[in-house]
Structure formats: structure tokens, C-alpha cells
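Morning, everyone. Let me put the structure up, and then we go through it piece by piece.

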Amino acid sequence: DAQAKDNYRWKMAHQWPTVHVYHRAAEDFVKRIEERTRGRLHIDMYPAGQLFGMREIPEAVVNGAIELGMAADVGYSGYAQTVAALDLPMLAPDSASAFRLLDGEFGKTVIDELAAKGMTHLAWIDYGPMNLLTGSRPVKKPADLEGLRITVPGGLFADAISALGGTPVTTPPADHYLALQRNIVDGILVGPSSMSTRKLHEAQKYLTVVDIARPVHILTANTHALESLPPDIKAIVREEARSLREAVAAQTEAENAKAIALMAAGGIVVHEVPAAEIRQWREKLMPVHAKFAAQLGATGQQLLSLAAEAQ
Amino acid sequence: MEHVLAFGGLILLLMLGLPVAFALGATAVALLLIHTGNLYDTTQLAIAGFKSIDSFVLVALPLYVLLGESFAAGSISQRLYRSASALTQHMRGGLGIATVSSCGVFAAISGSSMTNAVTLGRITIPEMRARGYDKGLAAGLVASGGTLGMLIPPSLAFILYSALTDTSVRDLFAAGLMPGLLQLALLILFLLVMARIPASQPAVSWNERLSALFTAGWALALPIIVLGGIYGGVFTATEAAAVGAIYVIAVNFLTDRDFDLGALWRSVRLTVETSTRLLSIVIGSSLLGHSMIILQIPQQITAAVVALSLPPMLILIGLLLVLTLLGCFLDPISITLISVPIIFPVITAFGFDPIWFGVLLVMILELGMITPPVGMNLFAIQSIMDDLRTTEMWRAALPFVGVSAVAIIVVLMFPEVATWLPGILR
Amino acid sequence: MWRVLDRSLEMIELFFFTISAVAVVAMTLSVSADVAIRSTAGSSPGWLSDFPTFFNITLAFTAMAFVFRRRQHIVVDVLLLNLSPRARRVANIVALCIAQVYFIALFWGGTQVAWRSYELGNMSFTSVEVPMFIPQAAVPLGALLLVCEGVAQLAKALRGDA
Ligand code: NA
Ligand code: NA
């Protein structure tokens, strides 16, 4: 029985469909942990929201219903207010600088708050930038958003759309396709790979590539479960989480470009906002940063100055 | 062993007369506790149970039930009934055909099959019975007609399948239409050829028909408002339920002097009863789905079929049979989430058309809505008919299970039924 | 004494049933108001579409016990119809005992989850943030009512006055 005592069986849940490259990366993560621990840690994977969706994954991790969970940052924001900082519009000009922020004091603030709630942060998972998909007219400058109802995941994304002059609405994900198809909303703010896997472009006409925000997904472990592992297994989990992050990051840009190309081939008119015009979008969006800082007080202010220093 | 316990245990609890909702939940708890031996694991059932109701799409259920209840409570329903009689009484099976066709129209509004059955059932079953239709036939007809909600676009089942498999929603919607109409035609054929329906009556004059139609104007405006609002981009199907309910209640107050606040409160109370009966089953069913996923039961059964060394077509048929078996016990969302990630790679590896398979899957899910012991549409009908025992409901559903099976076999043998329309629209 | 207890339980169940009826009215009104405001003013407050889901959760969990008391839940009667009254009574007692497994598990698990949400300050995803323990409390509350109702029915069945 001594051996059985040393064996661990974990559950891991995520929200990506199995056809997504991220799922394959997650499968590799699980497989390599099992190989390197010689089966002492076996992880059952539950993909595609089979067990829990984005909203429940952090809750399931906190309650120990699963040991590992990977979900969009928004999913964690109910527990940790600072997570919202990851959704701040135009926080970093590109993915590399965004990750530098996450690896520094900025990211640590979020990690500490997650830890206080019983979740150990294992990796930031690149999701790629959020962009605009619209149906009634192309959006080339912020003024084009005037009067358009745009579906957002809520929170700071809603503030961002308001700041740009549009009207944010939150529609449940199950209703997105039909709401877009029937013009109940005029567009959606989401990442291109989600647009393409969820076929939202079939119901719309125009894509605006302006990289409004760069939210991330977060891989976390139930702290109690992680701490009860022997040190060597724990180290392997952490190392493999790092590899998972790198495997995803290496593919995100290509996946993003592939999704945009696929939609363009499907008849979507793509408008890439020229670098020179980004500034006028950014200026419109800055009040969102101020509002965020006001809501979070000293911590919010500190997060913003950390972000400013990094620029 | 756990497989036997999962399916056998549930049947045993149902036979003991435990309410279906609690039998599902108790089986889920027992499976999980036996599997893990840890009471603490029930926390995940609490999370899963909360999650099963924590969705805006489900808000449509009580709202549509309220629409149906307030419709049935006012004279608006009798006027619709008189108008339907005047228009159809000279045709054999006319009212039945009108009922199934309205299921088809409602399917173009709602993406769910249970709301379809419960709403139309409340409106049409009393009418059919008053006209001499057998209680079981009326119940079976609406339970079965309701399943069109998933096949005729829009359909939440297709949207979920698309997200899981990277297939086109547009193609899936287009592919579902012809099989949906085929099933509708088969239902009408069954009604005319095989069912015992009341004989036709002499036709009434066109004047009478027009005046009956006129008095039912308020009722006939309802689908126009709802369809117009949805397709005109004013509201979603869920929101349409609330707008429709408010409309019906307002019409009742304006045109029916017997409809007072007391009558409204009675409709609301009936809405709570019906919704609670169905929502408690939705909770129990998702919990059972959750436990089965944790125990990997459906995954193992499916994997066993895939591993057989048989020709692709036989494997496909085997998989469809497994899905049918799962359909007897689980709800469509659980089945899709559990099975598609395992089955889909196999289907594409064999070179089958993923759109065609999507349609077959949804048709099987529909079939599962009317197969005992756990058939959500059967429960939906039972929840609005006080004098219909389970035994009667199951017997009534049997011929309609046959009709659905015929439709599935046709689409299996002639994939063009599904793939033709998306092909020409592409 | 027993009568008084049973009667009080019924009143409590009826209270939550009535709350659920109010929830249905509130759902209908807020969804319609959402549509009305959106189509006249262009946008509507987010809580109008967020709260109906909470009302639905309240309805689903807290009205269950009263519906159980009135024996309005859907039951499979295939076997029951062929049993003698005595055998039916035994089946009922066994069924009520097994149902307790579900009720207690839901109560216990639901309490854990809601309590943790309270402890950690978990907030909802809605535009007007609500502490999650409030809607989540519907689960253990509904389950507790079911535990009590189950016990009451068991007592009646054992005394033979059911
Ligand atoms: Na439909
Ligand atoms: Na079934």
C-alpha cells in the first residue's frame, strides 16, 4: 500500500474545444507530467467545459473539486479584483511587453491575490489580442462605433467600448451567434481565434484589427493539493506548466494570423488600424485606466504606475 | 460494475416511485461517493447543480411556461380554439396537422425542445382533447413535435456542436432544415394513416370562418409579434417569451372580464409548479451527467465501440446506438459534451461528412427527448397534464419514437437529405 | 406537537413557494423592461438581464420542497401500479430514505460552496456585482427544506397516515 500512498490522481478542467491547438498543448502537459513522474501523478483531463465552464473553473479549484484549472482571466475576477488589471485596454503594445509585465511586480500582485484565495498560479496562457467584429458597418476609427451595440464579456471591456463611443451589451455566450446573426447586437469584442472557432464571422462582415486589450488565461492549482505533493513532483508540475505556457505562446501569434486569414477568405473585410492611428484609440481608452485605479485605490494606482514604468 | 450501478441503480430508484428529479440526483451522489469514497466530493455536485440553472438561456423556461399558462387561463384560448375548429374541422386530422405545423413554426423561434413542448402543449393539448383526440395521442404528438425545436434552425444543439468541432454553424443550420421538414412530413403522414383521429365534420361557411378568424385576431397576432420581433432584431428568443407573456396577460385583462388579478396569480403559481418540476429534473440530470463524466462511463463505452475492428459504417451505426442508449438516460447537453470530443476524431478519420454527422447526432438527441425512462419532453408534457400517468405517456410516445427512428434511418441512408441544402447555399 | 411542527414546515415551504412566484413576476418584468429600454434608449442597465438568472435559481431550488409535499413532482408509476398497498408503502419508505442521500449531499456540498464564497469574498460576474454566496445559498436552503420535508413524509409513512 506504500506505493498507492505515493500515487496521486488529479483532475484538470479547461474550456477549449478538443479541436483547438491549446487543447493539444494541454494534453502534452498532462502526458509529460505522467512520463516524468513515472505515473506517480496521473491527471484526468476534462476539456471543452465538459466538467466546468469558465465561470466555475476557479470556483472548482478553490473548493478542491478539481486540482488544476485553466480559464480566462475574467473567470478569476470574482475572487481577485486585481485580475481585472490584465484586461485593461492598450496596457502593453505587444505580446512580449505584456508578458514582461506579467513576469514582473505587476503579475506578482495578481498572483499574490490568487494565492490568498487558495489558488496557486502556475502559468499565464497567452490568448492573443481582443478585436472588433461588426456587421452593419466597418469600424475604421473610434467615431464609427457611435450608436453600435457591441457584445463584450463585461467588466473593463464594457468600459472600453463606452470610452470609444459605442454601447456595450453583455449577451450570454450561448446567444452570441444568434444575436449577431439577427442584428440584436451590431458587433462583438473578442479574440480572432474565438471568432473563427465559434463561427461568429459567419454572422458578420467586418473585422477591425486594433488590439484593444490582451487578456490572458490562467492555469492554477488548488494550493492544498499542490502542497501535499512530494517536492520532486511539485517541481515537475511547475516546470511543465512553464513549458505549456511557452508552447502556447509560440503558437498564439500564428493562430491569430491564421484565424484572420481564414475569416478574410470567408468574405470578412479586414481593416488593420495603421500604427500611426493607434494613438487616437489609446487616448480615448485612457479614462478606463483612471476609472480602474479609482476603483481599486492604492493597489490600482500602483499597478498602473508599474505598467507605465515598463513602457 | 459502476456501469451497471449507474444505469441499473437509476432504473431501480425510478421504479421505487422516487420522483424522477431525486432519483437522478441520488444516483449521481451514490456513483460519486462509491467512486471516491469521500463525502467532500459532493461539493462539486453543488457547483454543478448551481451551474445547471445559472444560464440566461434557461430563463426562457419559466417565461414560456407563464406565456402558456396565461394563454390557457383566458378566453383568448377559447377564441383561438373556435377559429381553429372553423378552419380545420372539415379536414381529417386537420387540428392535429395544425398542431404539428405550429410545432414547426415554434421551432423556428426557439432553440430548445423542452420549452417548445411545454408551451405548445399547454395551448394545443386541451383543444385537441376537446375535439375528441385521444389523450395519449395528443400528448405524444406535442412531445414529438416539440423535438423539432433542435433540428429546425435556430438550434442551440447545433451551436454547441459547432463550437466543439470547428464546423460551420451556417452549414449546420442549413443541413438541419430538410431533415426537420422530413420529420414534420412523417408526423403528418403518421397522423393521417396510422393514428386514430376523430372523423371530419361538415365544413362551415367562409363567412363563419372569417368571423372566427377575426375573433381570434389577438391570439393570431402573438406568433407574428414574436417572430417579427426575433427576426427583426428587436429581441432574442428568451426575451420573446417575456414580451409574449406580457402581451397575453394584457390581452386577457383587456378582452376577458373574468380574468382578474386572482386569475393572474393562479397562472403565476401554476408557472412555479410546472417550472419547478422541470427545473428539478434539469438539475438532477446534469448531476448524473457530471458523475458519469467523472467516472468516465460514457467515455469508456464509446471508446469500446471505436476500438472494434469493423467497417466504418458499422462503427458509425454502433456509435449512433450508444448515443441512443445515452439518450435514454442523459440530457442533450451532457451527451454532446461527453461524446463529441471522443467520437468526432473517429468520424472525420473515417471520412464521414462532419455536417451530416452533426445532423444525425442532433436527431438522436431529439429521439432521446422522447425515450423513457428519462425523456425531457415526456416530462414537459406530464408537467402540464394532471391526468396523464407515466405508463400512459410512455405508451403514447412509442409510435413517435418509431417515426423519429424512420427519419434518422432515412438521413443515415441518404445523406443528401442533410447535405444538399448547405451544398447549394455555399 | 407533531402536528404543529408539520404545519410550521408547510408554512415555511409555502413562504418560499410564494417567493418563487414573486421571482417569476420579477423575471418577466425585468426581461421585458430590458427589451423596452434597449429599443427606445439604445442601451439598458446590465442588471436587467443579469438578475433574471438569479431569480430562476431561487425558483428552481427553493420551490422544490413545497412541490414535493403536494406530490407534484413527476414520478414513474410503472411498477407502483402493480404493487399491493402494503408493498407500495414499503417502496415509499425505502425511496424516501434513498432521497435523503441526495438531499443531505446537496445540503452539505451547497453549504461548503456558499460558505467558501462568503469567506473569500467571491463576487458575481454581473454588471452590478453581488456577493456569490447570496444566490449560491439557494442550493443549501432548498436542500435543507427537502431534508425536512423528506423526514416529515417518512414520519407520516411510518405512522401509516400518508
Ligand atoms: Na429551433
Ligand atoms: Na430519453
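Are B:T371 and B:V374 buried or exposed? Both are buried, with buried meaning under 20% relative accessible area, exposed over 50%, and partly exposed in between (1.4 Å probe, protein chains only).

Ground rules. This is a predicted model: local features need pLDDT of at least 70, side-chain atom pairs count only at pLDDT 80 or more, and totals for chains, interfaces and linings use all residues. Residues are numbered from 1 along each chain as its sequence is written, chains are lettered from A and ligands numbered from 1 in the order written, and side-chain values use heavy atoms, with hydrogens and water left out.

Next, chain C against chain B. The contact (heavy atoms within 4.5 Å) takes 61 residues from chain C and 59 from chain B. Together they bury about 5,200 Å², 78% of it on carbon and sulfur atoms. That is accessible area (1.4 Å probe) lost on putting the two parts together, summed over both. C:I74, C:V76 and C:Y102 supply 15% of the area that chain C buries there, more than any other three residues.

Now charges. A salt bridge is a side-chain nitrogen of Lys or Arg within 4 Å of a carboxyl oxygen of Asp or Glu. Over all chains the count is 27. Two cross the interface of chain C and chain B. One pairs B:E239 with C:R38, closest N and O atoms 3.0 Å apart.

Inside chain A, A:E240 pairs with A:R36 at 2.8 Å, N to O. A:E240 sits in helix 11 (residues 231-265) and A:R36 in helix 2 (residues 21-36), 204 residues apart. Helices are DSSP runs (H or I, at least four residues), numbered from the N terminus. A:E240 is buried at 4% relative accessibility; A:R36 is partly exposed at 38%.

Last, chain C. C:R7 bridges to C:E10 at 3.1 Å. Both lie in helix 1, three residues apart, about one turn of the helix. They belong to a salt-bridge network that includes C:D6, C:E13 and C:R69.

Technical notes. Helix = DSSP H or I, 4+ residues; strand = E, 2+ residues; numbered from the N terminus.
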